[in-house]
Amino acid sequence: MSAALICEGIQKQLGGKAVLRALDLSVMAGEVVSLLGASGSGKTTLLRAIAGLTHPDSGKITLNGAEVFGPSRVIPPEKRQIGMVFQDYALWPHLSVAGNLAFALGPQRLPAAEAQARISHALDVTQLGPLRDRLPAALSGGQQQRVAIARCLASRPQLMLFDEPLSNLDSALREDLRSEMMDLVRREAITVVYVTHDQAEAMAVSDRIAVMRSGEIAQFDRPETLYNAPATPFVASFIGGFSLLQGQGEDRVFRVGEQTMHLPAPAGPGVLVIRPEDARPASEHPLTSLTGRVIGAAYQGRCWRLSVAIGGCTLRLDWPGPVQTGADLTFSLPPDRCRILTLDPALNPKDA
Amino acid sequence: MRRNGSSGTKTASFPSDRRVSYLNIKRAAQTRRTPPPRSLALPGWLSFAWVDLPILAVFFLLIVLPLLSVLAQAVMPALFDPKAPGFGLDVSALNHALFAPRVLRSILHSVELGAAVAVSATLTGGLFAALTQRFALPLRALYAPVPWLVFLTPGYLKAMAWVLLMAPGGYLAQLGLLPHWGSDAFFGLGGLVLVHTLSLFPLPAFIIGSALAGLGQDLQDAARLSGAGPWRIWLRINLPLLLPAIALSLIATFAEVLSDFGLAATIARSAGFGVLTYGIYAAASDYPVDFPLAGAEALVLLTLILLVTLGDRLLRRQGALRLISGRSKPSQRQELGPWARWCWTVVIVGIGALAIWLPLAVILLRAFTDTLGAGLAVSNFTLANVTETLSPSAPARPAILRSFGYAALTALIAATIALILAARLDRGGPNLRAWVTGLALGTIAIPGIVLGFGYILVWNRLPGFRDWPFPHYGQASLLVMGYVASALPYCLIIILTAVGQLAPSLTDAARLHGHGVAARLVKVVLPLVLLSVVTAVLLTFIRTVFELPISQLLVPQTGSPVPPYVVRLLGHDDDGLASALVLVCMVGAGGIAGLGWLWAQKHLNFAPKESLS
């Protein structure tokens, strides 16, 4: 597989503030890559730079081997053959569903028969055939989103960009549309860059996820790798509702206040990443057990979600039964699931 | 980055067609060797020449040059002298304007009237807005459309109706409802304040109403849950939050009264209550003309308006509290007890009746009766006035045709220029946009009488313009140009607002699919703002049919349009014919605009009707 999209050393400042810092990103053909980050992390700016709607201050963007942005060449967005599904879908409200697709195909100057065939195909795979003559205002949110995708599919773009396409839908609809949308994209084998701030969404849609933080990529990996082996406390705090427990690593021991866990830990201050589902009864792994005070418990159906205070940190743990608030709880963690990261000085512990 | 052209795109494709000529291949090879400039924006001077210059030229010719001429005339009395023009500075005319008792009195009159009306109109408009927005009152159809109708009806028509009601032999006196002293008091400050208030209260009602709409229900509910009663909520919560809007209303109304010409040329003139605008008109057009005096009076008027506008700017800059958020719930209309409900209904229906229904009824009545003195007697009713207005031989008919023709032409020209300007501004930088928007807003504040006077100075006296064949002084072409100038700022603001409301993603999406600048403008932007363009056309049409000050100053030699003709008929006590003429124009213009608007609403409105999701 070859790289369909390569971004090298992308820098961008807005109002004197660096939004993208020497950022590198490479996406393989047919791959779905998510840019995951909080607002202000630069993910949307990167997406718009790839589309050509904003220009970086420096760097190089290559699309299927052709440079579209670089020191000597800037290809305008209308010549890049990139499709984009906007957050608000950007359906042209005065054109019908089929009219939206036809207008999008217009500049390609296809023979009429081929244009018709492409429109019909795109409407078929998105199941919009019966709605082809409706105006966007007469469609539901989910249908509008399908039109936005059909419009991109019909143009056969080299690359498809998704700018938080699910954020305008209610949560019940979101999951259904997400799988439907990604089925379509995968069936057509389109290369996708997908921007979102929702880690569950990113995990569900992506082959690889680039976790972004203040204009840089903090980690770029497969979803399983991010989940099982977050590279930094920041990534760990952003993924999966993990809790971070601060402590001190010493010679095969990790100390948390006056408690000791027998774990291989790098010397010096560090954080222990605790996934909620890893909490076990104290007897299962006595060498890696901890005691804390339960300060809250909420029933979640398959388990109880406890908030447990240890030292200055609050942990989120899944527990099979209710525990009285204010009681002490001793639990253990499987040693092979314990991951200790050196403390990232920039991370405010409260963010965790 | 939006103003890039097609440069920089040539390198992207190499001609693959074998029949392509040698020249093309050579050209393509050249472009491959020499990379296009990194930045796709036009170079600074080129963008200025192509984008900014035409915009500035249009504004300069239509508005800035006439205004500059007026200001120059005020301090250089000999500048536009047809026999011996000179650039000598001389403030004697200004001195005269500031210290001659007659002129000084008109300045004081204008300020006094403006201050009184600012207070009374703001009170009336605020009350109207509060009652319509916050209380569930019956008979809504009787008062809901009132502000819009009053806003669209020109001042001199309302003045005409009130004179018919309040004159010594008028309808109220005939019915025994108005004592003699009441009639005397009407022709003076009292009557002017009354008619101005009834005709300007929609402005505060709009301003305060939109501020009230921003105070969501949650604020009220929170105060009620803390134990505050309705009066306390109004005094301690709503009133302080509305203060910026109230101040803005006072300022806007004051400026409106200063620049009014409709009442100045009717009630104020017959009452001998001289105000600045009429002074300018008299000095610029009554024989012997005194341009230096008109210029000096215009300078005083503009200075007053500038001061008021600065106050407005300061207020806006201080920034009203921003309470309008997507999350705040719109407030509900409060239910009242039976007594309060009917009392307030009487108040609000009364305001509506006095402001529009009564004047319209009076014009209708007068149009279908023979003499004012015979009043409501059955024998007095006749179709003669209306028949005479519409008869082919009468002078009224060509006036109507002229006015409708000029208005239609003006509406189309102004809307087209505004659309092109809006599109160009959208491509220009943010600075230019801010400049032109500011200029347009400022131009709205310029009284029509001053603009008209500026047109006389430029096109009747300035060498080069004086002999220019088209537009030419004394011809309809110049009148239409004046109309366009006074309508352009309104059109521009309506269309710019509509363009600004389009989500940028709509044009971005078209761009990503390969559409160039022209296609995006014609096929995406234009259809989506067409409703606003049509609205601008229709509003300009109605406004121009009844436009008085510029019509009055630039009457073409070929014949008068409707507004000066109506004022002349009133001057000759021919109020029956004047009423019939006004009625015919109102029905005609209102009918055309109403039908046009209904059509546009049906075919050009792409907003979602209701959420289906």
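At what angle do the axes of helix H4 and helix H10 of chain B cross? Good morning. Before I answer, please note that this is a predicted model, in which local features need pLDDT of at least 70, side-chain atom pairs count only at pLDDT 80 or more, and totals for chains, interfaces and linings use all residues. Residues are numbered from 1 along each chain as its sequence is written, while chains are lettered from A and ligands numbered from 1 in the order in which they are written.

Now to the helices, which are DSSP runs of H or I with at least four residues, numbered from the N terminus. In chain B, the axes of H4 (residues 101–134) and H10 (residues 189–200) come within 9 Å and cross at roughly 45°; axes are lines fitted to C-alpha atoms over the stretch in contact, and angles run from 0 to 180 degrees between N-to-C directions.

Which residues meet? Residues in contact have C-beta atoms, placed from the backbone, within 7 Å. From H4(B), B:Glu112, B:Leu113, B:Ala116, B:Val117, B:Ser120, B:Ala121 and B:Thr124 meet B:Leu189, B:Leu192, B:Val193, B:His196, B:Thr197 and B:Leu200 of H10(B).

Finally, confidence. The mean pLDDT, the predictor's confidence in each residue from 0 to 100, is 83 for chain B, and 87% of its residues reach 70 or more. Confidence in chain B is highest in H10(B), at 95, and lowest in H1 (residues 22–33), at a mean of 35. Over residues 1–42 of chain B, the pLDDT is below 50. Where pLDDT is low, the predicted coordinates should not be read in detail. For the complex, the predictor gives an ipTM of 0.79 and a pTM of 0.78.

Key: Helix = DSSP H or I, 4+ residues; strand = E, 2+ residues; numbered from the N terminus. Contact = placed C-beta atoms within 7 Å.
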